[in-house]
Amino acid sequence: MNMLQIRNSGDRFEQLMPMLGRLWADEQFLDGELICSDGAVGFSSLILSCYSSYLHHLLLGAEQPVVSLKDFSAASVRKVIQVLHGVEPAVSVIDNSGEILQLLKILEI
């Protein structure tokens, strides 16, 4: 008799995030756009929905969501999205302007 074994391992997260990061960097499976003051940043609704119940409800059912973040620079938004999609470690989003902290607060992350 064959049995399926499912184990919870912290290693899975560390294995998965680089793969997700590569997909984001290659612009694969991105189904939404964040419109910033000076450009746009693509994102995966599935990934963002995992980080915030606010974003989950905002993005639920939208086929190609567009979210306006006109008060934020594309550089700051890109840093946050890169961390959430596994491209950069979380410490890379620290900034002195407070813009990223304000963005995280608004997105309820």
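**Chain overview**

Author: Of the contacts in the protein chain with a separation of 6 or more, 64% are between residues 24 or more positions apart. Contact means heavy atoms within 4.5 Å. This is a predicted model: local features need pLDDT of at least 70, side-chain atom pairs count only at pLDDT 80 or more, and totals for chains, interfaces and linings use all residues. Residues are numbered from 1 along each chain as its sequence is written, and side-chain values use heavy atoms, with hydrogens and water left out.

Reader: Which elements does the protein chain have, from the N terminus on?

Author: They run α-β-β-α-α-β-α-α. That comes to 5 helices and 3 strands. Both are DSSP runs numbered from the N terminus: helices are H or I with at least four residues, strands E with at least two.

Reader: What share of the residues is buried?

Author: 34% of the 109 residues. Buried is under 20% relative accessible area, exposed over 50%, partly exposed in between (1.4 Å probe, protein chains only).

Reader: Now α4. How many of its residues are buried?

Author: 8 of the 11, so α4 is largely enclosed by the rest of the structure. Among them are Ala 74, Gln 82 and Leu 84.

Reader: And Ser 76, buried or exposed?

Author: Buried, because its relative accessibility is 8%. Ser 76 sits in α4, residues 74-84. Beyond its neighbours within four places in sequence, Ser 76 contacts Glu 99, Ile 100 and Leu 103.

Reader: How do α4 and α5 pack?

Author: At an angle of about 60°, with axes 10 Å apart. Axes are lines fitted to C-alpha atoms, for helices over the stretch in contact, and angles run from 0 to 180 degrees between N-to-C directions. The two helices are therefore oblique to each other. Under 35 degrees is roughly parallel, over 145 roughly antiparallel, 65 to 115 roughly perpendicular, and the rest oblique.

Reader: Which residues make that contact?

Author: Ser 76, Val 77, Lys 79 and Val 80 from α4, and Glu 99, Ile 100, Leu 103 and Leu 104 from α5.

Reader: Switching to the largest nonpolar core. How many residues does it have?

Author: 20, and Leu 69, Val 77 and Ile 81 have the most contacts inside it. A nonpolar core is a set of buried Ala, Val, Leu, Ile, Met, Phe, Trp, Tyr and Cys residues joined through side-chain atoms within 4.5 Å.

Reader: Which element gives the most to this core?

Author: α4, with 5 residues.

Reader: What does Ile 81 touch?

Author: Trp 24, Leu 34, Val 41, Gly 42, Phe 43 and Leu 48, not counting residues up to four places away in sequence.
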